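This report goes through a protein model by topic, beginning with the terms that the later paragraphs rely on.

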Amino acid sequence: MFFLLFTLLTTSPTLAHEGHDHGPSTVQAPKGGVIRSLETVHLELLTKGKTLAIYAYDTNLKPAEASSFPLTATVTLPRKKAESLALTPKGDHWEAEFDAKGAHRYTLELSIRQGGHDDKVKYTVEPKQ
């Protein structure tokens with residue numbers, strides 16, 4: 001009996017079958033930025049100089065209307081307090097201007113209403129000098 005129980009417990013990983021990948025899913029960013037996935041929307045951050053663009057996609061990675069998702073943003077520089085960042089909706093994305101003031105990195109935090117509740121998404125941004 002002990003041998004049978006021992007055999008079953010030690011061989012159970014070999015009895016598993018394919019098709020049950022429970023690891024995090026990877027979504028390819030359509031525009032080459034950094035993507036974060038929520039229940040009903042994917043958000044992609046692109047930076048160029050002082051300009052930030054946040055693109056919205058539905059669950060099938062089709063562009064979504066940015067104005068359909070209430071979004072606010074704050075930016076935190078190292079050893080500084082968070083400050084509000086004004087976002088301008090532009091169809092399928094929002095844009096903002098932010099001067100990192102020579103910082104090597106900063107945190108962008110987005111608060112978005114989607115899927116019937118509020119979510120927060122964080123990005124660590126390393127501006128190119």
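## Terms and basis

A residue is called buried under 20% relative accessible area, exposed over 50%, and partly exposed in between, with a 1.4 Å probe and protein chains only. This is a predicted model, in which local features need pLDDT of at least 70 and side-chain atom pairs count only at pLDDT 80 or more, while totals for chains, interfaces and linings use all residues. Residues are numbered from 1 along each chain as its sequence is written, and side-chain values use heavy atoms, with hydrogens and water left out.

## Overall fold

The protein contains 1 helix and 9 strands, where helices (H or I, at least four residues) and strands (E, at least two) are DSSP runs numbered from the N terminus. Along the sequence their order is α-β-β-β-β-β-β-β-β-β. Of the 129 residues, 31% are buried.

## Nonpolar cores

A nonpolar core is a set of buried Ala, Val, Leu, Ile, Met, Phe, Trp, Tyr and Cys residues joined through side-chain atoms within 4.5 Å. The largest has 28 residues, among which Leu 43, Trp 94, Leu 108 and Leu 110 touch the most other members. At least two residues of this core come from each of β2, β3, β4, β7, β8 and β9, with β8 giving the most, 4 residues. A second, separate core of 5 residues includes Ala 29, Ala 53, Tyr 55 and Tyr 57.

Contact here means heavy atoms within 4.5 Å. Leaving aside neighbours within four places in sequence, Leu 110 is in contact with residues including Leu 43, Ile 54, Leu 71 and Tyr 123. Ile 35, which lies in strand β1 (residues 34-37), counts as buried at 16% relative accessibility; beyond its neighbours within four places in sequence, its contacts include Val 27, Ala 29, Leu 43 and Tyr 57.

## Salt bridges

The structure holds 6 salt bridges, each a side-chain nitrogen of Lys or Arg within 4 Å of a carboxyl oxygen of Asp or Glu. In one of them, Asp 99 and Lys 50 meet at 3.9 Å, N to O; because Asp 99 lies in the loop between β7 and β8 and Lys 50 in the loop between β2 and β3, the pair ties together parts that are 49 residues apart in sequence.

Another joins Lys 120 and Glu 109, with the closest N and O atoms 3.4 Å apart, and it ties strand β9 to strand β8. Lys 120 is exposed, at 59% relative accessible area, whereas Glu 109 is buried, at 18%. Through shared partners, salt bridges join Glu 109, Lys 120 and Lys 122 into one network.
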